[in-house]
Every structure is written in structure tokens, then in C-alpha cells.
Amino acid sequence: MSKHRVIPGFGLSLGFTVTYLSLIILIPLAALFVKAGGLGPAEWWRILSAPRVLAAAKLTFGASAAAAMVSVVVGLLVTWVLVRYRFPGRRLLDAMVDLPFALPTAVAGITLTSIYAPNGWIGQYLAVWGIQGAYSPFGVFIALTFIGFPFVVRTVQPVMEDLGTELEEAAATLGAGRLTVFCRVILPALLPALITGFTLAFARAIGEYGSVIFISGNLPMKTEILPLLIVAQLEQYKYRDAAVIAAGMLMVSFALLFLINLLQRQLNWHKR
Amino acid sequence: MHHRSSTTESAPVRWLLIGLALLALSLFLLLPLLAVFVEALRRGTDVFCAALVSPSALSAVRLTLTAAAVSVPLNTVFGLAAAWAVTKHQFRGRALLLSLIDLPFAVSPVIAGLVWVLLFGAKGWFGPWLADHDIRIIFELPGIILATVFVTFPFVARELIPLMEAQGNDQELAAVTLGASGWQMFRRITLPNIKWGLLYGVLLCNARAMGEFGAVSVVSGHIRGKTNTLPLHIEVLYNEYQFSAAFACATLLGLLALLTLGLKSAVEQFTHQRASGRI
Amino acid sequence: MKILSYFPSAVILALLLTACGKRSTPGSTLLNVSYDPTREFYADVNAAFAKQWQSSHGRALSIEQSHGGSGKQARAVIDGLEADVVTLALAGDIDEIARQTKLLPGDWQSRLPDHSAPYTSTIVLVVRKGNPKGIKDWGDLVKEGVKVITPNPKTSGGARWNYLAAWAWASKQFGGDQAQILAYMTRLFKNVPVLGTGARDSTSTFAQQGNGDVLLAWENEAYLIGREFPGLSEIIYPSLSILAEPPVAVVDANAAKHGSSEAARAYLEFLYTDEGQTLAAKHFYRPRKPEIAALAASRLPELQMVTVDADFGGWVKAQATHFNDGGSFDQVIKP
């Protein structure tokens with residue numbers, strides 16, 4: 001099975017990675033699962049199948065997926081413009097992309113709420129169209145897109161910068177139109193990075209707390225997200241119930257991440 | 001006349017795309033940033049400056065910098081090791097490892113704080129032992145650092161992996177054939193190839209470390225001037241109806257993003273000049 | 001090279017070591033872990049008490065302050081935040097500390113006068129200037145088109161007082177008929193467009209962002225809105241409300257460990273002195289001392305109030321009946 005490894009450093013790098021991963025991520029998460037494991041399967045089912053939990057799960061995962069999709073489309077556009085074109089203000093634009101990372105999520109939540117609230121800068125125009133910005137599932141979507149969008153840009157950007165134009169030139173020489181080149185040459189090369197970007201934006205959105213609680217309105221069954229339910233359980237000193245919801249949430253997100261990574265590996269295999 | 005380069009679009013398409021990107025970014029990013037500054041300066045520059053130099057703000061800045069100074073290097077070393085293991089080698093469980101690296105993204109910050117409480121809190125696994133030895137982790141600096149490390153864990157690794165994947169192993173394989181040692185190969189070939197990705201990763205990691213709110217909020221004792229990081233200090237000010245002061249401190253973090261990117265462009269330009277000078 | 005793999009463990013160890021021995025000299029600091037709307041009040045109390053302590057004991061005392069949602073703060077103390085004194089929103093939260101840890105005895109509430117609550121407050125209705133929707137009492141809150149802002153009782157102590165106050169009014173109105181009370185509460189929460197996570201969160205939603213017609217708030221918080229946002233709101237006293245008794249307690253084990261037991265006790269006793277009571281009145285809490293309460297009566301009018309102990313059977317029972325999973329609040333918010 002094991003073929004001879006040509007490039008050195010496998011043992012060291014993998015050993016370090018696994019040790020560090022275990023100490024920082026796995027052992028703490030194990031503590032969570034042990035806590036949640038104190039309850040039997042019936043209890044797990046009772047907690048996780050509560051209508052409020054299901055409604056919150058639907059909103060959390062649905063809004064996160066939608067936000068990640070939009071992030072990919074907008075992110076690809078922005079990255080393309082940043083990498084390929086030269087225009088005044090490009091550097092500033094580039095700098096601004098990181099803003100959602102640097103802005104504390106609570107501040108982001110407060111500002112987004114004030115902008116998209118029915119009396120806010122944008123919210124008032126949305127209201128004309130009968131769309132409620134803040135305090136609705138749409139508000140949750142806005143906050144999650146804000147949070148997830150830089151992930152796509154920052155994952156795709158280095159790859160795109162690295163892409164070079166030789167292949168495109170070759171394709172153009174062979175008579176391919178610009179759109180064909182984009183779809184046939186550029187997009188496939190970017191696909192792994194795009195998928196990574198989507199995964200990151202999606203995963204980050206699922207767990208987001210700080211910004212969403214300000215803009216969502218937190219109405220049970222309507223605009224309540226899973227992390228808030230966890231906090232609500234903690235406030236009642238129900239560590240176990242909180243741990244069960246957290247563990248359930250983790251397992252679903254982990255399964256999703258795992259699937260996406262498998263998919264990506266398939267893509268890379270085909271490329272080679 | 002050769003009307004346009006074969007690798008770019010026609011001018012109208014180009015400007016349309018730029019326009020769309022600008023519109024999206026202004027609605028999404030510029031407007032919130034603007035709102036922060038408008039709020040910060042609403043009560044004049046005196047209030048703005050006073051908020052930034054108050055002792056509790058300075059202590060919050062110090063704490064935030066300390067936490068970032070520990071967690072960013074840690075996660076950078078990890079990111080390099082993980083990316084090397086994952087992209088330069090094929091092994092069983094690679095997809096699993098990749099997913100595990102992503103996992104902290106999907107862990108709600110609330111949970112990221114909670115797990116440390118479950119481990120080191122007074123009623124946690126190590127709680128009684130720590131109490132016997134009078135060691136404080138939760139509600140003190142170590143807890144804040146641990147929470148920050150957890151939350152910013154994947155940033156560098158996740159930045160490097162797709163980049164190194166796209167680059168492939170050809171150059172490294174050539175180096176091995178020529179008899180280069182692992183370290184030489186890393187320093188001379190891999191590092192120069194990935195330096196921008198690495199820098200992006202470090203910047204992201206740093207920005208996120210400084211802006212983290214949810215997880216830190218769980219493990220900090222919220223003691224004014226002692227265990228409040230900058231984002232927590234902002235929350236305190238906001239809750240005390242000092243909106244202008246709160247947003248003044250928020251501008252610090254907004255400026256941080258702009259500053260780090262300014263640095264990045266400077267480094268970029270410097271290296272370009274060096275490179276073109278040599279050739 | 002293998003050594004590098006131990007690097008993370010070494011770092012964790014280093015972190016542990018930095019954590020050791022960080023506390024300053026015994027008895028020189030006091031940590032007060034409190035809930036949200038007491039920030040301004042305790043800022044004044046701390047300054048006044050530190051001055052008094054300096055003159056009577058000849059050494060400085062620095063008082064550290066932590067604020068947050070009452071339940072969250074109680075949980076922090078349970079998890080190891082070394083508070084010398086706790087000053088929280090509900091007795092139930094301090095009960096929980098006593099129940100889950102050995103930090104203070106179960107009978108803590110009998111150690112200080114007035115059930116360990118040196119000041120009281122109540123729940124009032126805050127409406128927009130001029131009261132455009134004509135809100136006069138709890139009954140008006142369920143009218144068509146009235147938007148009510150309150151925090152979530154699951155995450156906020158203040159919200160639980162709000163909820164119980166509304167419940168008490170409905171109970172009196174409908175002669176204790178459970179179905180009618182529940183129907184009223186359901187209609188009330190149908191009118192709530194935003195449930196904040198804490199009292200201050202809801203205040204910002206109402207005052208800063210201009211949402212809603214009525215805010216259910218602590219009395220002292222209501223006056224604070226008047227001061228911070230002049231001309232925005234006015235306060236409506238309902239026909240019936242609830243007597244909120246925010247309790248205080250020394251966390252014995254922590255204070256003993258820090259050598260600050262004496263200071264901690266003196267700090268809480270200070271709240272009962274004329275000076276402490278005057279400060280409470282200044283920040284719109286209702287003082288216990290009759291002579292100081294009389295001075296404040298012009299601002300804080302008499303009103304009919306129920307109590308948790310007499311009308312809801314104490315916090316343990318109220319929490320279980322109304323706010324735990326499957327309690328009345330869960331029925332009220334069912335779609």
C-alpha cells in the first residue's frame with residue numbers, strides 16, 4: 001500500500017499537525033461530547049427534535065447555504081476585478097475586503113441592523129418594495145453574507161494571482177472566445193479554491209453568533225438561530241442540553257465539510 | 001491593428017464588471033464602515049479621542065495585542081505544517097484531516113468558549129486540580145488566548161492548502177532529485193512560492209484574532225480594565241449608551257484592517273522592485 | 001526534529017505557568033460581579049465606598065467591576081470567576097450559585113436585611129413621546145398594531161420580571177383563569193417583533209434604532225433612557241406591576257481566599273447606609289430606608305405591586321412553571 005515518499009518532512013509535519021489539532025480542537029470538543037454523552041439516545045432525540053430546535057436548524061443551515069452561494073458569485077466577481085484589472089482605488093477595494101474579519105461581529109451586527117432596519121439607510125428603500133431588512137430571515141442572510149464573503153475572495157485570490165495567462169493565451173490562439181476560455185480554462189482551475197471558499201463561508205455562517213443576534217430579531221420559530229438556542233440553554237444552567245445541541249450541530253456541519261472535501265479530492269484526482 | 005490582448009475582456013465588459021464589483025462592495029462593506037465612522041464622530045473629535053486614550057481602552061488594546069501575539073504565530077506554524085502534510089503527500093484519512101482543520105470554522109464561537117469552560121472551569125475536567133494549585137485559566141489571559149487560538153486555528157492552513165494544491169509538487173520533486181534537503185527545499189522553493197498566500201493567511205488570522213467576540217466573551221470575566229479585550233470593551237461602552245465611544249474603538253479595528261493591507265501592498269511593491277532589478 | 005512535535009504541549013504548559021500567581025496583595029481588591037443595568041449605580045457606589053474604606057482603614061481598596069446578563073454572570077461565578085460579592089437581578093441566580101458550588105451557604109438570603117435586597121425596582125412601560133398609541137396599561141399592549149419590545153425571558157433576567165408582571169396583571173384581570181391568561185400572554189408576544197438577548201439590547205432596539213411602540217423595562221432603565229435620549233420617550237406606570245428585589249451576597253469562599261471577607265461584608269452593608277441608599281435613589285432604584293424612600297417618592301410614585309414570593313411561590317417555582325423548557329413561555333410563543 002504505502003508507496004515511497006519522495007518529498008521529505010511527512011512525519012514531522014503530519015505529527016505536528018495531528019498533535020496540535022488534538023490539543024487545541026479535538027480534546028476540547030471531546031469534552032463537549034462527553035458532556036452530551038451523559039444523556040441517553042432518547043434524551044438526545046427529545047432535545048434535538050423539539051420544534052424550536054428544528055426551526056432554528058432550518059434557518060441556520062438554509063440561510064448559511066444561501067449566503068455562501070451568494071458569497072461565491074459576488075466573491076468571484078470581486079476577485080476577478082481585483083486581480084485582473086487595474087483601476088483607481090483598487091488597493092483600497094482590496095483592503096476593504098478584510099473588513100468583516102476585523103470588525104468585531106457585535107459591531108458588524110449593530111451597524112448592519114441600523115443600516116437595514118426599516119428606518120435605516122438601505123432598509124427604507126427595501127421597505128418601499130415591501131421587503132423587511134432587519135429582524136427577518138432576510139436579515140440573517142445579510143449578516144451571514146457579510147461574514148462569509150471575504151472567505152471566498154481570500155481563498156480564490158492567491159490561486160488566481162498564481163494562475164498566469166499562458167493557458168488563456170494558448171486557448172485564445174486556438175480561436176476560443178473569451179467566454180469559452182473563462183468557462184473551459186479559468187473556471188476549472190479555480191474550482192477547488194471556489195469550493196474551499198464556499199465551504200469556509202458556509203461553515204463560518206453556521207456558527208456565527210455575534211452579528212446575527214442583533215439583526216435577526218430572535219423570535220422563536222421564526223428568526224432564532226441555533227447558537228442562540230445554545231446560549232438560552234446555558235442561561236438555564238442546562239449544560240447538557242446545550243452540549244447536545246452543540247454536538248448535533250457539530251456533527252451535521254462536520255458531515256457537510258467532510259462531503260465537500262471528498263468532492264474536492266475527486267476533482268483534484270481528475271485533474272491529475 | 002491588434003485591437004486587444006487575447007487575455008482580457010473588451011473595455012465595456014471590463015468596466016461593467018468593475019462597476020458591479022464596486023457596487024457590491026460599497027453596499028456590503030463601505031456602508032457599514034462609513035456608518036461606524038459617522039457614529040464615532042457624531043459627538044465630535046474630542047469624545048472620539050477621549051474614548052481612545054481612556055485607561056480601560058488602552059488596557060483593552062494591550063490585552064487584544066497580547067492575545068493576537070501569541071495565537072497568530074502558533075497558528076502560522078501549524079498552518080505551514082498542515083499544508084505541507086496535506087498537499088505534498090497523499091495518505092489515508094487526508095479528507096478527514098482536511099475536514100477536521102475546517103471544523104473550528106463551523107464551531108459556533110459560543111461553543112468555542114464553552115469547551116474551554118468544560119475543560120478548565122471550576123466544574124470542568126481539570127477544574128479541581130487547577131483550583132488546588134491556584135492556577136487560573138478561565139476568566140484570565142490564558143483562557144482568552146486559548147479561545148482565540150481555537151477560533152483562528154484554520155486561517156493560515158486554509159489559505160495555504162488551495163494555493164499549494166494549485167502549484168503542484170513539480171518544483172519540489174525536481175529539488176529532491178537535485179539532492180536538496182527538506183529544509184533547503186522549503187526555504188528556497190516552497191516559501192517563495194507561497195509567501196503571498198502565507199501573508200494573506202497571517203493577516204486574516206490576525207484580524208480575526210483581534211476582532212473575535214463570541215468565544216472570548218464566554219471565557220473573559222468582563223472585568224473592566226483587566227480582562228476586557230477591545231471587542232468586549234466596545235460592547236461595554238455600547239451597553240453604557242456611550243455609542244460614540246463604542247464606535248470610536250470600533251474604528252481602531254477597522255483601521256487595523258486597512259493598515260495591515262497597506263503593509264501588505266508595501267511589501268508586495270518592494271519585492272517586485274527587487275525582482276525586476278535583479279533580472 | 002521530533003522535539004518539534006512537543007512544541008504545542010510546551011506552549012500549553014507555558015500558558016499554564018503564566019496563569020500562576022497573578023493576584024495582587026490580599027485584601028486590596030474586591031471583585032463585584034453584577035448584572036446589566038447597574039453599571040452607573042455601582043460606578044458611584046465603588047467610588048464612595050473606596051473613599052470611606054481608605055479613611056477608616058488607612059489603606060486603598062480597588063473595586064473591580066464586571067457586568068453582563070444576570071444568568072450569564074451567575075454561570076461565570078459557578079465556572080470559576082472569583083467574585084468576592086455578587087449583585088444580581090434575581091435571587092434565583094444566587095440560589096443557583098449556592099446550589100451548584102460550595103462558595104456560599106444556601107441561607108445566604110437571610111444574612112442581610114430585607115431578603116438581602118438593599119434596593120428594589122419595578123417594571124414599567126416606556127412609550128414614544130406624546131404616547132401616540134395611547135398606551136395606559138397592560139391591556140393596551142395586545143391591541144392591533146402595537147409593537148412591544150422586550151428581551152427574551154430565556155436569556156435575560158429583566159425579561160423574566162417583565163413576563164411575570166404582565167402575567168400578574170392578566171391573572172388579576174381574568175380572575176386567575178389560566179386559559180385566558182395564556183391567551184393574553186400569547187397575544188402580547190404576537191406583538192413582539194424583536195426579542196433582545198438582554199435588557200440593554202432591547203433598550204438599544206427601542207431607543208437607538210427606533211423600533212417598537214412600547215418597551216417593557218426596569219424602572220431605573222426607563223429613567224436612564226429619558227436622560228440618555230432626551231425627548232424620545234415617556235414612562236407609563238401600569239395599574240399593577242411587580243416588586244423586583246435584586247439581591248446581593250458575599251461569596252464567602254472566594255472572599256476568604258482573597259483575604260477580603262471584611263471588605264466584602266462592609267461593601268454590602270454600605271448599600272444599606274444613608275449614603276448607599278441615597279445613591280440608589282439617585283440612580284432610580286427604590287431605596288429600602290423609609291426616610292430616603294420618602295425623599296425619592298416624588299420621582300418614583302407608589303403603585304400596586306405583587307411579589308414573586310407571595311404571588312408566584314418563589315423563584316424556583318416561577319422558573320420551573322414559566323421559563324424552563326415546557327413552561328408557560330414555551331406555550332405562549334408556540335406558533
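How many residues does the contact take from chain A, and how many from chain B? In this predicted model, selecting both sides of the contact picks out 101 residues from chain A and 99 residues from chain B. Between the two chains an area of about 9,200 Å² is buried, and carbon and sulfur atoms give 78% of that area. Next, select A:Ile7, A:Tyr20 and A:Tyr85, which together supply 7% of the area that chain A buries against chain B, more than any other three residues. Then colour helix H1 of chain A (residues 10–37), which contributes 19 residues, the largest share of the side of chain A that touches chain B. If you look for polar links across the interface, six residue pairs are in polar contact, with both residues at pLDDT 80 or more, whereas the count of salt bridges between chain A and chain B is zero.

Of the 279 residues of chain B, 61% count as buried, and among its contacts with a separation of 6 or more, 71% join residues 24 or more positions apart.

Finally, bring both chains back and select A:Ile27, A:Val34, B:Trp125 and B:Phe126, which make a nonpolar surface patch of about 370 Å². B:Phe126 lies in the loop between helix H5 (109–120) and helix H6 (127–132) of chain B, and B:Phe126 counts as partly exposed because its relative accessibility is 38%, between the cut-offs of 20% and 50%.

Definitions and conventions
Residues numbered from 1 in each chain as written. Chains lettered and ligands numbered in written order. Predicted model: local features only at pLDDT ≥ 70, side-chain atom pairs only at ≥ 80, totals over all residues. Heavy atoms only, no water. Patch = residues over 30% accessible without salt bridge, like charges linked within 9 Å, V, L, I, M, F, W, Y side chains within 5 Å. Areas by Shrake-Rupley, 256 points an atom, 1.4 Å probe, with all protein chains shown as cover. Salt bridge = Lys/Arg side-chain N within 4 Å of Asp/Glu carboxyl O. Helix = DSSP H or I, 4+ residues; strand = E, 2+ residues; numbered from the N terminus. Buried < 20%, exposed > 50% of the residue type's maximum accessible area, 1.4 Å probe, protein only. Contact = heavy atoms within 4.5 Å. Buried area = accessible area lost by both parts, 1.4 Å probe. Polar contact = N/O pair within 3.5 Å; in protein donor to acceptor, adjacent residues only side chain to side chain.
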